[in-house]
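Welcome, and please have your viewer open with the chains in separate colours. We will go from one selection to the next and look at what is there.

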Amino acid sequence: MTDITTEKARIGAPSAQPFINGFTEEGESLSPVNAAASKAPLAGEAVKRHSHGGGVGIPDSSRAGRLTSYKLADFKPLTGMEEDWRFTPLKRLRGLHTEVLNGAAPSVSVTAPDSVTVETVGRDDRRIGSAAIPEDRVSANAWENFTEATVITVPAEVQVDGEVSVLLTGQGTEASALHVVIVAEKFSKAVVVLDHQGTAVVSENIEILVEDGAQLTVISLQEWNDDAVHASSQQAKLGRDAKFKHIVVSLGGDLVRVTPSARFTAPGAEVELFGLYFADAGQHLEQRLFVDHAVANCKSNVLYKGALQGRNAHTVWVGDVLIRKEAEGTDTYEANRNLVLTDGARADSVPNLEIETGLIAGAGHASATGRFDDQHLFYLMARGIPEEVARRLVVRGFLNEIIQQIKVPAIEDRLTAAVERELAATNH
Amino acid sequence: MSTLEIKDLHVSIDTEQGTKEILKGVSLTIRTGETHAIMGPNGSGKSTLASTIAGHPRYNVTSGTITLDGEDVLAMSVDERARAGLFLAMQYPVEVPGVSMTNFLRTAKTAIDGEAPKLRTWTKDVKAAMAQLRIDADFTQRNVNEGFSGGEKKRVEILQLELFKPKFAILDETDSGLDVDALKVVSEGVNRAHAEGKMGTLLITHYTRILRYIKPEFVHVFVDGQVVEEGGPELADRLEEEGYDRYATGAGAATIAAASAAAQA
Ligand SMILES: Nc1ncnc2c1ncn2[C@@H]1O[C@H](COP(=O)(O)OP(=O)(O)OP(=O)(O)O)[C@@H](O)[C@H]1O
Ligand SMILES: [Mg+2]
């Protein structure tokens, strides 16, 4: 599966790449292929103009100007040069951007306490479109093609014990569309787990509405089979004093591209966006998030961590945080950390922080990509630790920071085991 | 009692220019309870000797032997050597991302002892050892060596020495980069480990100042990959005054080294 050499002779052998000890490589790493096409604003660069709401946006450098529409036809065919597609190998999307998405969609099976309402609805349900509007062609393609949607509602003031478990099982490799709406009504509290399994080629729209005072955690697990292709737009809209925690875990699949976003509509709300990804040889795992501070006095905290091993393992993290002029008193921090375990893997990491007002509580970003190299291995082994244990020690410690955010013991255990399996794969 | 024996060790490395011989026949015998100092100018091969004993794969042993109580050390992997009782306090300790000190120390101790230490006493031991070395308690939460200052890294090496209780400790310039207070603290740590009488020490240094705190019985002068002179502690004092200039490199040195190797054998 991978081409990594693990015999001891390699430890400390001159590497083709220079050693980077620890997380010393600050900043971003742009794809050389189409970096020139990038006009992504960097930290602090102000934005002149923006449009929001439905319809056609202004394709300028600001995230605020991005085109949003429910209509596929509004989005031009992809070339791969677009700012938001420049890292994605379009050929491997298997038609999600070009085909009519009428294949069998993953089956949706929801296990939830009685207090939670689960419905299957048609396209004309009033809740469709209440939290999201497609921001790219693949998402719009799913919107145009889904036939029915699953709506999960946590009624007002209900505190759900245990988690709402949504099992999404792939039905094969025909390109398909999927739609889920999650509504946490006023002052409710719940944890929803989206568990993606099997083989699918699917574009998915997850709409998440977190009403005033509600507290919602959504955990999206991508433990697909090796051949799955998955594009997932997960857009959340937050009411006053709402608290939303979102955790993306991408482990399986040939190409997985998750685009979570959180939009504040009233003051006092908080979001935490966490992510964990582990890319093996040949896998492309991409995460592009957007936090839209459109109103005053909201908080956001973002931390994504990724591990990579094997030839052509590729991860992408792009973190767009926009603090609009109106968003005084904003407090935001975003960070991405990658751990490259072997040669031949590549982690792209691009934090974009746009600030349109100086009257904020705090705004920061960090990005670092470190290598677990032969020197680390030598050091740990020189303390008696066998090679395999050393490797596991490093990766487990690194990723655990995200796993422990999940706080659902069964899932934490399952992911810990999954990470161990990923590591074991190096020994083949 | 244990014995670490190095016999006529030749070590080379592969460079872009080809193979380069760094150690040119080194012989040295250390027994538990003894402290040996190795002194020598920059680039003379001191770290190479230390790394070779620890098993760093960059260094190729072309001839000679290293044995620990008769066991062939060169046949052991890096981790096996550590478990056999060899400890290298590195000149440049490596930062390991993602691994907390706590986790690291416990994992290493477990590997070395072959069983997990009793949690209660272990935590107490770690705390006490850290306090003695004046290492802040919050270091346990930090990643191994990450962001530690040069002096902090050296203290953490000695912390490990005290906790892991090796048979032989090789200290590669543990004194460099330390101020006087830190030097004292670190030396005390080494002396404590030594006091139990179950450890032999190979102290590699440039300077004699650490020898005020750690008293070697034997001093070996290293020049150009060879031991060119051996003696007692008085030799260190002479080096302090005279430097290494009087040791010619090349043929003369080789002769002395060969003679001393023969004498040891
Ligand atoms: N990896 C390497 N690549 C190239 N040359 C090396 C390498 N390791 C050691 N050397 C060379 O081998 C010689 C001995 O180096 P070594 O580090 O053992 O010396 P040292 O006595 O420890 O010096 P110092 O007192 O500066 O620590 C030097 O000439 C050094 O440049
Ligand atoms: Mg050295």
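Start by selecting A:D374, A:Q375, A:H376, A:L377, A:F378, A:Y379, A:L380 and A:M381, the buried residues of α2(A). Buried here means under 20% relative accessible area, with exposed over 50% and partly exposed in between (1.4 Å probe, protein chains only). Because 8 of the 8 residues in this helix, residues 374-381 of chain A, are buried, the rest of the structure largely encloses it.

A word on the model: it is predicted, local features need pLDDT of at least 70, side-chain atom pairs count only at pLDDT 80 or more, and totals for chains, interfaces and linings use all residues. Residues are numbered from 1 along each chain as its sequence is written, chains are lettered from A and ligands numbered from 1 in the order in which they are written, and side-chain values use heavy atoms, leaving out hydrogens and water.

Next, show the whole of chain A as a cartoon: you will find 4 helices and 19 strands (DSSP runs numbered from the N terminus; helices are H or I with at least four residues, strands E with at least two). Chain A has 428 residues, of which 59% count as buried.

Now move to chain B, where 4 strands make an open antiparallel sheet in the order β2-β1-β4-β5. Its edge strands, each pairing on one side only, are β2 (18-31) and β5 (71-72) of chain B; pairing takes at least two DSSP bridges between two strands.

Zoom in on β1 (residues 3-15) of chain B: 11 bridges join this strand to β2(B), and the two run antiparallel. For a last stop, select B:S12, which stands opposite B:E21 in β2(B).
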